[in-house]
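Open the model in your viewer and colour it by secondary structure.

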Amino acid sequence: MTGICILGSTGSIGVSTLEVIAGQKDRFRVVALTANTQAERLFEQCQRFEPEFAVMVDADAAQQLQKKIKQAGLATEVRQGLDGLIEVATLPQTEQVMAAIVGAAGLLPTLAAAEAGKRVLLANKEALVMSGQIFMDAVKKSGAELLPIDSEHNAIFQCLPEDYQTGRMQAGVRKILLTGSGGPFRNTPLDELQGVTPDQACAHPNWSMGRKISVDSATMMNKGLELIEACWLFDTSPDNIEIVVHPQSIIHSMVEYVDGSVLAQMGMPDMRTPIAHAMAWPQRMASGVARLDFFNSMQLDFQKPDYERFPCLRLSDEAIRTAGTMPAILNAANEIAVQAFLDKRLAFTGIAKLVEQVMRTMSSRAAASLAVILEDDAQAREVASSIVNAG
Ligand code: NAD
Ligand code: MG
C-alpha cells in the first residue's frame, strides 16, 4: 500500500485525486488530508477516507473539525496551521504528496515534501515559479521524485525521452510545444474584455477548475506560469518552448524532435488522467476517465498565441528571462490582481496592467535564499495592494 498525503484535498485537484484513489483502494491509502477553511468538506472526506491526520490552516476551522471528528468517533488526528501542513507533508509513512494548494501558500509545505525525498505530485505550479532553483536543488539533494500534474507538463513528461532527467535537454529534442486552449475569451471582441465578470472568466470552455486558475486561464497568465514551470521542470529555456493555442484541449502538449517527429499526448480534458499517471508511474493504472471518441466530430485546431489580447504571456516571458526574484514578483502581483478581480475591485484588463506596474516598480534580485524570495513576494503584494486600494 502506498501512503499518500493530499495538500489541498478540498479543491478541484484534491477532489479529483480522491476520486482516483477511490478506484484504487487496494493500492493507495490516504495518510493525510488538508484544507484551508472548509471544515465541513474536509470532515466529509475524513469520514470517507479515514486518514491518520487532517489539517486545517484556519484555527477556528480546526476546532470545528476536531469537534466533528470526536462526535463521529473517528481516529483521525487534527492539526492546525502551516506547522501542521509541513508535519503531514513529511511523515515517514507517506510515500507520495499531492501538492494541490493554490498559490504561494503551497510553497513551504511542497518544498518540505521535496526536501523529505517524497514523490511530489506537483499541481501547485506557483511554488516552482517562485522558487525554481531552490526547489529543483532540494529535489536533487533529497532524491525526491518530482512528477508534474499540470496536464501540459505531464504530457511533456510522457513525450520526452526517458533519460531527459539525467542531463540538460537531450540532443534530439528540438522544441517543447506547450498547448493551451486560449480560455473563454479567445474570440471575445477586445473592447468587451474590460467589462467581463468573474463568473464569465471562471466559465472555462473545457476544464472545471478552482477560481484562481480559471481566471489565470482567461488572462493566459496560466500559460505564462506554465512556461516558467516548464523551464524548471525540464531544465530548458523559453527559447526552446513554443506556446500553441489548441482550443479543444485534446492534445495536452507535444515534443518535437530534430528528425521531424512530433509526439503528442492526447486524452479527455480530465485531470484524473495526469493524476493517475503520476501516482502509478512508471506503471499505468485506471483513472475512471472516459475514452477519447475519435469518431464523434473530433476536431483539432491550432493557432498562434495573441500577445496583444493576452499581455500576461509577454510579462511571464519577460519574468523568466529576467530571472532572480522576478517570477516570484510576477506571481505575487498576479495573485493580488486576480483576487481583486474576483472581488470586483479591478477590471479584467486591469490584471495584466497591475502585474506590469508592479514589475516596473520593483527590481529583481538574485533568488539566493527562500528568505529573499518570500521578502520580494511580500513586497510585491504590498505594492500591488496599494495600487488596487488607490483605485
Ligand atoms: P482550488 O481553489 O479548487 O483548491 C485549492 C485548495 O488549496 C483547497 O483545498 C484549499 O483549501 C487549499 N488552500 C487555499 N488557500 C490555502 C492556504 N492559504 N493555505 C493552505 N491551503 C489553502 O484550486 P485547484 O484548481 O485545485 O488548483 C490547485 C493548484 O493546482 C493550483 O496551483 C493550480 O494552478 C494547479 N492546477 C490545477 C488544475 C485544475 O484543473 N484545477 C490544473 C493544473 C494545475
Ligand atoms: Mg495546465
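Two strands count as paired if DSSP finds at least two bridges between them. Helices (H or I, at least four residues) and strands (E, at least two) are DSSP runs, numbered from the N terminus.

This is a predicted model: local features need pLDDT of at least 70, side-chain atom pairs count only at pLDDT 80 or more, and totals for chains, interfaces and linings use all residues. Residues are numbered from 1 along each chain as its sequence is written, chains are lettered from A and ligands numbered from 1 in the order written, and side-chain values use heavy atoms, without hydrogens or water.

Select strands 6 and 7. Four bridges pair them in the parallel sense. Pick L122: its bridge partner in strand 7 is P148. Now follow the chain from strand 6 through helix 6 (residues 125–142) to strand 7; this β-α-β crossover is right-handed. That is, with the strands pointing away from you, the path from the first strand over the helix to the second runs clockwise.

Strand 5 runs parallel to strand 6 (residues 119–122), joined by four bridges. Q96 has R119 as its bridge partner in strand 6; A99 has L122. With helix 5 (residues 107–115), strands 5 and 6 form a right-handed β-α-β unit.

Stay on strand 6. Is it covered on one face or both? Both: R119 and L121 on one side, V120 and L122 on the other, are all buried (under 20% relative accessible area, 1.4 Å probe, protein chains only; exposed is over 50%, partly exposed in between).

Zoom out. The open sheet has seven strands in the order 4-3-2-1-5-6-7, paired in parallel. Strand 4 (77–80) and strand 7 (145–148) are the edges; each has a single partner strand, so one side of each lacks a neighbour in the sheet.
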